[in-house]
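Me: Hey, I've just opened this one and I'm new to it. Can you walk me through some of the packing?

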Amino acid sequence: MLQGSTSAGPSPTASGHLATGDAVIRVQHLTKHYGPLAAVDGISFEVGRGEVFGLLGPNGAGKTTTVEMLEGIREADGGELTVLGLDARRDRQRIKARIGVQLQTVSLYPHLTVRELIELFGTFFPRHLPVGDLIKALDLEEKREAQTRTLSGGQRQRLSVALALVNDPELVFLDEPTTGLDPAARRSLWDLVKGLQGEGKSILLTTHYMDEAEILCDRLAIMDHGHILDLGTVDELVGRRFHERAVRFDRVDGLDDAQMAAFPGVSHMAHEDGLVLLYTADVPATIGAVLAASEALGAQPNDLTVRRATLEDVFLDLTGRALRD
Amino acid sequence: MNALLRLTEANIKSFVRDRAALFWTIAFPVMFVVLFGTLFGGSNTPDYRLGWVDLDGTPAAQQLHDAFASTKVLSLKPQTGESAALDSMHGGQLDAVVVVPKGYGGAVAAARSATGDQAAAPGSVALVLYTDPSQSTTAGAVSQIVNGVATGVNQALAGRPPVLTVTGKALQGSSGELDGASYFVPSILAMALMQLGVFAAIPLVQDREKLILKRLGATPLPRWTLVGSNVLMRLLIALAQTALILGIGIVALGVEVTGSWPLIIGIVLLGAVTFIALGYVIASFARTEEAANGITQVVQVPMMFLSGIFFPIALMPSWMKGIATILPLTYLGDALRQTMVGGSPFVPLAVGLAILAGWLVVCLAISARFFRWQ
């Protein structure tokens, strides 16, 4: 489970069971293989009712594969999958009627108008929300009679969310909902997700944006290479391994890792794109040691900064590499 | 059911609003029809070979012969007897046959002597005209000329009622080839249906690439509804193409449709479904849109030229004939020519339809086994 981790930090929780009993998703030992590659390798987690749960990880981590198995559009190889109390492998049709699905960058029927497309999707479900309400809620009123091929990226993404909500679902899956959007469009989508949670809906979203995960998710699972590396709230994930702050600076030639790891206050260290990261409980002592050691080499540590640990540090700590777009 | 109809409606709207799709399925075959209409329809100097069977042998009959000859557009070929003449027509040496009945001279003489005397009006005699309805322009022209000459004779005799009438008789299935329009209108309809079906592969692969099939798969919409709406849309377009191509053929090119309409529509639908199934086979093996485009061309271009669409299979060299024997479009074109304009069969209709149905079953089986939704 901790494959790839470079840290001596505390172990993640083994299963991710909720304290409370009411789960809308329950996944146990889920696996999916593509030939010899294990895209999803025995993961387990639960999502509680009313919760926004995030799967965070780089492209290829297995997030989308996991979500698609839950949505009933991809076969699982092994494990147990329960969605809304139903077996996700046997009761697919009943589950599909009660969930909302938004896929990565889909452009459906480019020649239909926004209204026509939402109406069409409504007919696929036993019951559906009034089209006008959805168009209003998703702020698409001025594009109501526009063919969907004319929409901007943000409008298209909002339409895609509108289609996911057409059946008034209890559980909504959002797969990379803000990828490719400008900052303003991302923010408006985040507001929307919070609004959905306010209506009592449960949400499972995947993302590779740290800020998105921090802002939206009540709890999240960090995925890489088909494994869940750790799981919990942002505070839990950070607090579990970083009581310290990170002292960060450009690598200084001649200053070796063993030497830096022995600086006062340093608990462990990492490298990130030519930067050195020293996690320390005693910032002044560590910085003093860095400056002294650099001066002895006739050098100076450039771009020296100190910050609190973030999800980025958690990911780096777990995988030994940075999570980049 | 509602979802099926709404999805079909959405497909048709998308289709109609997509100008490129509209061009290829509607304007393109119409262009072909119009192009071939100008090539074969009009300007060639008519010279119809008319078999002349004189059962009367009087000078009056000879005068009638000369009247026909003076029209300049008919080459009269005297025949020894009616059955010999019809044999020649079957063999393609004659375009039409006129039989002058025994007693013609007598009737003409009686009419002359009875001039002005209405009470003693003589009996009329009937010229028998054999034409081949599968060569509709020829048949139409010859019968117009023959009727015209007969009217002239009647006016010369000033007889009331007319002495000379013309009884038209159809001689089906002559081995002579169909005339231009009658041949290529059903052929181009077959080609349009083939393209409509085979090109179904491209939007399918596009939809798969753009994850549309996957997105629809995440709704409770059953897959048969999705397939059903696609097929239904294409069948409706097939009927629209049929109406348009045959409409132009009948109205502008004078093609005479002799077969039964329910049978023709049945064959159109069977052909469309078979080629749509072939489109699904292509979509089963093409992973990208580019691949789908390529495979579609590899399938449709040879079929267009080797299935007797642009020139009859009978005129092909034997190696080409061998290929034509395999291709489903050969049988759709053949079936449509047989039923619509009485074209000479390449294979009997039942055999052709059975082969088409065989293609359909094979394509369905392959699609069911290999088609992927994502």
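**Helix packing and cores**

Reply: Axes here are lines fitted to C-alpha atoms, for helices over the stretch in contact, and angles run from 0 to 180 degrees between N-to-C directions. Helices (H or I, at least four residues) and strands (E, at least two) are DSSP runs, numbered from the N terminus. Keep in mind that this is a predicted model, where local features need pLDDT of at least 70, side-chain atom pairs count only at pLDDT 80 or more, and totals for chains, interfaces and linings use all residues. Residues are numbered from 1 along each chain as its sequence is written, while chains are lettered from A and ligands numbered from 1 in the order in which they are written.

Me: Which hand does the crossing of H14(B) and H15(B) have?
Reply: H14(B) passes H15(B) in a left-handed crossing. Left-handed means the near helix is turned anticlockwise from the far one by less than a right angle, and right-handed means clockwise.

Me: And which residues meet there?
Reply: From H14(B), they include B:Tyr331, B:Leu332 and B:Ala335, and from H15(B) they include B:Leu353, B:Leu356 and B:Trp359. Contact means that the C-beta atoms of two residues, placed from the backbone, lie within 7 Å. By class, this contact of H14(B) with H15(B) has nine nonpolar, three polar and one charged residues. For the classes, Ala, Val, Leu, Ile, Met, Phe, Trp, Tyr, Cys and Pro count as nonpolar, Asp, Glu, Lys and Arg as charged, and the others, Gly among them, as polar.

Me: What about H14(B) and H7(B), how do their axes cross?
Reply: Helix H7 (residues 180-198) of chain B and helix H14 (residues 328-341) of chain B have axes that come within 9 Å and cross at roughly 140°. That makes H7(B) oblique to H14(B). The cut-offs are under 35 degrees for roughly parallel, over 145 for roughly antiparallel, 65 to 115 for roughly perpendicular, and oblique for the rest. The crossing of H7(B) and H14(B) is right-handed. Among the residues making the contact are B:Tyr183, B:Leu189 and B:Met194 of H7(B), along with B:Leu332, B:Leu336 and B:Met340 of H14(B).

Me: Are H11(B) and H15(B) parallel or oblique?
Reply: H11(B) and H15(B) are roughly parallel to each other. The axes of helix H11 (residues 261-285) of chain B and helix H15 (residues 349-370) of chain B come within 8 Å and cross at roughly 30°. H11(B) passes H15(B) in a left-handed crossing. B:Val273, B:Ala277 and B:Val281 are among the H11(B) residues here, and B:Leu360, B:Leu364 and B:Phe370 are among those from H15(B). Their contact divides into 16 nonpolar, four polar and no charged residues.

Me: Ok, over to chain A. How many helices and strands are there?
Reply: Chain A has eleven helices and 14 strands. Of its 325 residues, 44% count as buried. Buried means 20 or more other C-beta atoms within 10 Å of a residue's own, exposed means 12 or fewer, and partly exposed is in between, with C-beta atoms placed from the backbone.

Me: Which residues touch the most others in the largest nonpolar core?
Reply: A:Ile118, A:Ala162 and A:Ile222 do, out of 101 residues in that core. Helix H5 (residues 153-165) of chain A gives the most to this core, with six residues. A nonpolar core is a set of buried Ala, Val, Leu, Ile, Met, Phe, Trp, Tyr and Cys residues joined through C-beta atoms within 7 Å. There's also a second, separate core of 58 residues, including B:Ile188 and B:Val281.

Me: How many residues of chain A touch chain B?
Reply: 19 residues of chain A are in contact with 19 residues of chain B. On the chain A side, helix H2 (92-98) and helix H3 (114-122) are the elements that give two or more residues. That side divides into twelve nonpolar, four polar and three charged residues.

Me: Is A:Tyr109 buried or exposed?
Reply: A:Tyr109 is buried, because 21 other C-beta atoms lie within 10 Å. Its phi is near 35°, a positive value in a residue other than glycine. A:Tyr109 sits in the loop between strand S6 (99-102) and H3 of chain A.
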